[in-house]
Amino acid sequence: MAKIDPRTVASLLREYAQRASMRGDNPYRTKAYLRAADSLMALSQPLDRIIATGALTKIPGIGDAIADIVTKLYQTGTHPSLEKLREDVPAGVMELFAIPGLRPDKILKLHQALGVNSRAELEAAAREDRIRPVEGLGAALQTKLLQNLAIVRSGETQLHLHKAAALLEHAIISVKQQHPEFSRVEIAGDFRAVASSFPTSPW
């Protein structure tokens with residue numbers, strides 16, 4: 001398989017984290033996968049060059065274990081552990097992670113108890129009052145889901161500012177590490193990252 005771009009690798013790593021979280025994996029580990037995915041989205045150098053020079057672990061949030069996963073995803077477009085996780089839950093269930101406040105354990109419960117395999121099926125279950133009677137879900141979650149589904153519909157084409165800010169912070173760290181000659185790297189304008197190299201002032 002042809003090598004894939006960093007955004008796709010980041011997306012696969014995020015899927016890996018989400019699927020692992022539904023399985024009940026260590027939450028700190030899954031958060032580490034998500035942080036690493038954010039760092040990949042903010043790379044300032046080609047991923048193939050970073051892998052070739054063995055510099056993956058210099059990227060914020062990427063240690064040896066995650067570097068191995070990223071390399072495998074980049075080279076093949078998948079990972080044996082990811083494929084095993086995919087056998088347990090359909091791809092459409094991943095849509096539910098976009099709904100605010102819906103924890104991985106609740107997503108798995110919705111899938112297992114009600115056969116919910118997509119956002120559309122979740123909304124149908126909520127509107128048909130099928131979530132309320134399920135032990136571990138209940139009326140409060142059903143009401144909250146209907147509210148949050150409406151929020152997602154109204155803003156699904158927008159990137160939340162806090163998410164954009166986090167990505168830019170990762171980008172700044174990456175640029176500083178890869179270009180120590182820059183004396184200042186900062187966010188400016190309409191969330192644009194700019195880098196400048198100035199001699200140190202003698203005053």
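This is a predicted model: local features need pLDDT of at least 70, side-chain atom pairs count only at pLDDT 80 or more; totals for chains, interfaces and linings use all residues.
Me: What handedness does the crossing have where α1 passes α4?
Reply: Right-handed. Residues are numbered from 1 along each chain as its sequence is written, and side-chain values use heavy atoms, with hydrogens and water left out.

Me: Why are α1 and α4 called oblique to each other?
Reply: Their axes cross at roughly 125° and come within 10 Å; axes here are lines fitted to C-alpha atoms, for helices over the stretch in contact, with angles from 0 to 180 degrees between N-to-C directions. Under 35 degrees is roughly parallel, over 145 roughly antiparallel, 65 to 115 roughly perpendicular, and the rest oblique. So α1 and α4 end up oblique.

Me: Which residues of α1 and α4 make the contact?
Reply: Val9, Leu12, Leu13 and Tyr16 do it from α1, with Ile66, Ile69, Val70, Leu73 and Tyr74 from α4. Contact means heavy atoms within 4.5 Å. Leaving aside neighbours within four places in sequence, Leu13 also touches Tyr33, Ala36, Ala37 and Leu40, among others.

Me: What makes the largest nonpolar core, and which residues have the most contacts inside it?
Reply: To qualify, buried Ala, Val, Leu, Ile, Met, Phe, Trp, Tyr and Cys residues must be joined through side-chain atoms within 4.5 Å. The largest such set has 27 residues, with Val9, Leu13, Leu40, Leu47, Leu56, Ile62 and Ile66 having the most contacts inside it. At least two residues of this core come from each of α1 (6-22), α2 (27-41), α3 (47-52) and α4 (64-76). Another core, of 21 residues, lies apart from it and includes Val89, Met94, Leu102 and Ile131.

Me: Why does Asp129 count as partly exposed?
Reply: Buried is under 20% relative accessible area, exposed is over 50%, and partly exposed is in between (1.4 Å probe, protein chains only). Asp129 has 30% relative accessibility, so it lands in the partly exposed class.

Me: What is the phi of Asp129, positive or negative?
Reply: Positive, at about 60°, although Asp129 is not a glycine. Most residues other than glycine have a negative phi. Asp129 sits in the loop between α7 (119-127) and α8 (138-155).

Me: How many helices and strands does the protein chain come to?
Reply: Nine helices and two strands, counting DSSP runs numbered from the N terminus: H or I of at least four residues for helices, E of at least two for strands. Along the sequence, the pattern is α-α-α-α-α-α-α-α-α-β-β.

Key. A crossing is left-handed if the near helix is turned anticlockwise from the far one by less than a right angle, and right-handed if clockwise.
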